[in-house]
Amino acid sequence: MEWNQSYIVKDAMSILRAVRDGKHEYVNSFQPELLGMLTKVMLDCPERPEDFKFEVKAPQHEYKNVCLTSGGADSTIAWYYVDKPHGLYIDLGQPYAAKERKALDSLGIIYTYVNMRGCHLADKPWKHIIPGRNFLFLCIAAEMLKDNGSIWFAMVEGEGADSDKGDKSLMFVSLFEDWYKACTGRTIYVQTMVDRTKAGWLDWTTDHDGLTDIIRRKTVTCFSSQEGQCGSCQACLRKYLSFISIGMDIYKDFQHHPMVGAVEYVKKYENLLAYTLGKEDFSHYSRRRCHEDLNAIANARKLLGVVSA
């Protein structure tokens with residue numbers, strides 16, 4: 001039977017072990033006030049030693065806003081948008097972690113570093129994603145927040161927000177907020193960036209002096225473990241296309257021209273986005289993203305012809 005593996009049973013055992021070992025407190029997020037009242041009554045018996053004291057405490061919640069920061073373009077724009085809140089970087093052992101932290105340092109982002117490399121969650125990705133990663137990230141960020149605080153989560157329009165599927169959907173965000181409140185009794189909010197596409201947010205930076213150049217030169221959005229931006233991965237292609245959308249060809253920032261190095265993803269997006277427009281099913285890719293990315297690919301092809309000539 002697996003009942004003894006539930007966290008209710010594990011919490012009960014942890015409290016009893018703490019009492020047995022002479023400890024005076026137990027830190028817990030799951031309804032700590034109610035659990036504290038229960039524990040106080042439970043241990044208030046005639047046999048209790050006179051000098052015995054024990055309490056259940058909630059973790060220390062320090063911040064009103066926490067921004068999930070990766071050193072990439074979207075999360076850095078979110079950080080600026082919210083006026084530079086405290087950052088959070090969680091290292092799951094992803095091969096590109098070192099250069100992401102280097103980017104964070106270059107950007108001057110003050111952040112908490114959580115080292116979880118030993119959990120090996122990045123060892124078996126699903127293609128380019130770590131399944132359930134954002135659930136873990138939101139849990140850690142929520143524990144850092146004061147009541148009614150906000151997590152800034154840089155999911156943008158056109159990445160599945162309206163699909164009711166995956167950990168970049170608004171359904172996932174809503175369920176997380178409800179679950180966390182039910183478990184802890186605390187209200188936190190997950191703020192997203194879904195009112196603009198990736199290119200739309202980049203366009204927003206053009207009204208803020210020097211910010212577009214910072215996003216171009218100091219952020220890193222790349223799945224390769226090597227220094228710099230490979231130009232061959234999906235992340236590099238999306239950054240490149242977002243700059244094409246605002247009239248900037250930054251191909252020299254990549255080790256390979258993204259239209260060449262990431263040609264398999266170029267073809268993937270052309271097919272998927274055209275199919276989406278034809279079916280008019282915008283639950284995953286929004287209409288605006290479809291048009292922006294397809295136009296960017298067409299414009300990049302024209303520019304590539306000039307570059308190659």
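Strand β6, residues 145–156, is mostly covered: nine of its 12 residues are buried, meaning under 20% relative accessible area with a 1.4 Å probe on protein chains only. Strands here are DSSP runs of E, at least two residues, and helices are runs of H or I, at least four, numbered from the N terminus. This is a predicted model, so local features need pLDDT of at least 70 and side-chain atom pairs count only at pLDDT 80 or more, while totals for chains, interfaces and linings use all residues. Numbering starts from 1 along each chain as its sequence is written, and side-chain values use heavy atoms, with hydrogens and water left out.

Now the neighbours of β6. Strand β3, residues 63–68, runs parallel to β6 and is joined to it by four bridges; strands pair if DSSP finds at least two bridges between them. C67 has W152 in β6 as its bridge partner. Four bridges also join β6 to the parallel strand β7, residues 189–193, where Y189 stands opposite S150. From β6 the chain passes through helix α6, residues 170–184, to β7, a right-handed β-α-β crossover: clockwise from first strand over helix to second, with the strands pointing away from the viewer.

Next, the cores. A nonpolar core is a set of buried Ala, Val, Leu, Ile, Met, Phe, Trp, Tyr and Cys residues joined through side-chain atoms within 4.5 Å. The largest has 47 residues, and M193 is among those touching the most other members. Helix α9 gives the largest share of this core, seven residues. A second, separate core of 26 residues includes I140, I151, F172 and Y180.

How values were computed: Buried < 20%, exposed > 50% of the residue type's maximum accessible area, 1.4 Å probe, protein only.
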